Amino acid sequence: MYFKVFIEYFGSSTVYQGVMDRIDRCLDKITDGKWDPEKAEREDLKFINDKLFSNGYPAGFESIKDKIEAPDVYLRLKKEKLSDEMSAEELQERLSELKKFLEQPKCEETFIMKSIIYNYICYFWKGKSFLNTQNKNEDMRAVFEKDFSEPFRSYLKADHKKAKDLCIDCGEPINAKEKVSIAFMNEMGDDFTRKRSAFWNCKVDAFLCPACAFVYALSPLGFCLFADKFVFVNINNNINVLIAANSKSGKSSVDGEKKENERYSAWFARSINILLKEKLQEFSNVQVILRGTKDEDKYFLSIINKRMLKTIGKPSVATVLQRFADSSKVKVGNEIPNLYESVIKNLLQQRNQYQLLNRVLRECIEDEFFKFYASCIYEIQLWYEIVDKAEKRKEIIMDCGIMKKNGSDLRKVIMQAKGTSSGDCLRGVEYQLLNALYVKNVDRFMDVVFRLYSSYGSRKNENGPELLIPTGIIEMLEDKEKFTTYGYAFVAGLIGCYEGKKENN
């Protein structure tokens, strides 16, 4: 049952399935007389040659070679790789043999499970059963039966009236020979046979019963893999919504690699849509558990609260997020972060977006390409702040728009005074204002703004009248919250995001 479920859920997104798809694609072209080896065909053949000898496939083959037919097909592939230089007839024969070999039930199960083990299971537990290095050439079913299934069945039949120990998870009694160390689970504990100092009197008591150990072995089934993130949404008020939010329909990755078909952003949108279909008042907090696929990644726990749900539920925010998700992985300085993912993590951790916005605005000074991203981040942050302020919402949006326009008007006047169409003349001032906003230095911010207006305020803007210090600037002196909200709107306009947003619209 264990193997059947994993294959059913993850089989379509494994290397095995990718190999079979490419074999069928090549055979179809040869059969239809359309075989003309170009880049795509060479890549397909290379994929077949390389992937069938990666991720534990050779070890899997060694464990079943005496139980399958035509093992020489696999051995021949190791010595004589498929090549586009072969004749169509020879290639057709080799591919047909390979397909027949791979379609054997034992081969299919073994190779699919090898992909699943190294792309899914190993990120949750290791060092036991088929993930014990000493068992790499053993039959996977046999070692899983020995380490998990048989102890589980025996535990259910055994008498525990005289048992002295309790399971650390469920609290059920266990005998000495039934105890399973929880250390096989990643991030649950160290090797307790070597490190006992964390326990009282150095007596280790972190043991599971065989039933809980079996359930823990199933834990990867609870998570979905999107790009390089394992995700579990814990909506515990409705089992149907819980299942829907963690549905594994569709490919979760391409060919078993850590690439994205349904991306992290797509998962987030799908999960939020599921939540929004329910009545918001039924939710208090929705727990989300994330785990990366890198060795240094840890479990990441966050909460989707009502405020966030309301924010994402606004049509304007949903539109911005969708546009933002389509092109959010860009180079910022020496890094290439996913800006969309950074925005989502800030929302999940209930952090404001201003630190990220400050960083992106600095990039805007050097490259106008980032103006779109800065506008998106500011709009998301603004809605997050005002979503619960229904009475003042329109007023705040209007005031922020005015502050951004004030910054844009000042930019035009300064550029006109200096006789240039480039914003390079404003770099020094823009960096000073962003530094003041970053450390929330009101005096420094006001000093720079007042000097700008005293120097250029007497000049007329494009509409005719002279520029005056905006009312919003004065309000920023008295209100720390407005200092940040209005301040970033003003600087965004000064950098040129106001015009950028109009062009994008």
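The model is predicted: local features need pLDDT of at least 70, side-chain atom pairs count only at pLDDT 80 or more, and totals for chains, interfaces and linings use all residues. Residues are numbered from 1 along each chain as its sequence is written, and side-chain values use heavy atoms, with hydrogens and water left out. The protein chain has 22 helices and 8 strands. Of its 505 residues, 48% count as buried.

**The chain as a whole**

- Helices (H or I, at least four residues) and strands (E, at least two) are DSSP runs, numbered from the N terminus.
- Buried means under 20% relative accessible area, exposed means over 50%, and partly exposed lies in between (1.4 Å probe, protein chains only).
- The protein chain exposes about 26,000 Å². Carbon and sulfur atoms supply 48% of that area. Accessible areas come from the Shrake-Rupley method with a 1.4 Å probe; for residues, only the protein chains shown count as cover.
- Contact means heavy atoms within 4.5 Å. Among contacts in the protein chain with a separation of 6 or more, 68% join residues 24 or more positions apart.

**Helix H19 against helix H21**

- Helix H19 spans residues 442–456, and helix H21 spans residues 480–495. Their axes come within 13 Å and cross at roughly 40°. H19 is therefore oblique to H21.
- Axes are lines fitted to C-alpha atoms, for helices over the stretch in contact, and angles run from 0 to 180 degrees between N-to-C directions.
- Angles under 35 degrees count as roughly parallel, over 145 as roughly antiparallel, 65 to 115 as roughly perpendicular and the rest as oblique.
- The crossing of H19 and H21 is left-handed. That is, the near helix is turned anticlockwise from the far one by less than a right angle; clockwise would be right-handed.
- From H19, the contact uses Val442, Phe445, Val449 and Tyr453. From H21, it uses Phe483, Gly487, Phe490 and Val491.
- The residues of this contact of H19 with H21 comprise 7 nonpolar, 1 polar and no charged. Ala, Val, Leu, Ile, Met, Phe, Trp, Tyr, Cys and Pro count as nonpolar, Asp, Glu, Lys and Arg as charged, and the others, Gly among them, as polar.

**Helix H17 against helix H19**

- Helix H17 covers residues 393–417. The axes of H17 and H19 come within 11 Å and cross at roughly 50°. So H17 is oblique to H19.
- H17 and H19 make a left-handed crossing.
- H17 brings Asn406, Leu410, Val413, Ile414 and Ala417 to the contact. H19 brings Leu452, Tyr453 and Tyr456.
- The contact of H17 with H19 has 7 nonpolar residues, 1 polar and no charged.

**Isoleucine 396 in H17**

- Isoleucine 396 sits in helix H17. Isoleucine 396 counts as buried because its relative accessible area is 17%.
- Not counting residues up to four places away in sequence, isoleucine 396 touches Leu382, Ile386 and Lys389.
- Tyrosine 486 lies 90 residues from isoleucine 396 along the chain, yet their C-alpha atoms are separated by 9.4 Å.

**Two loop residues with positive phi**

- Alanine 70 lies in the loop between helix H4 (57–64) and helix H5 (72–79). Its phi is near 55°, a positive value in a residue other than glycine. Alanine 70 is partly exposed, at 37% relative accessibility.
- Serine 129 lies in the loop between helix H7 (105–119) and helix H8 (140–157). Its phi is near 55°, again positive in a residue other than glycine. Serine 129 is buried, with a relative accessible area of 0%.
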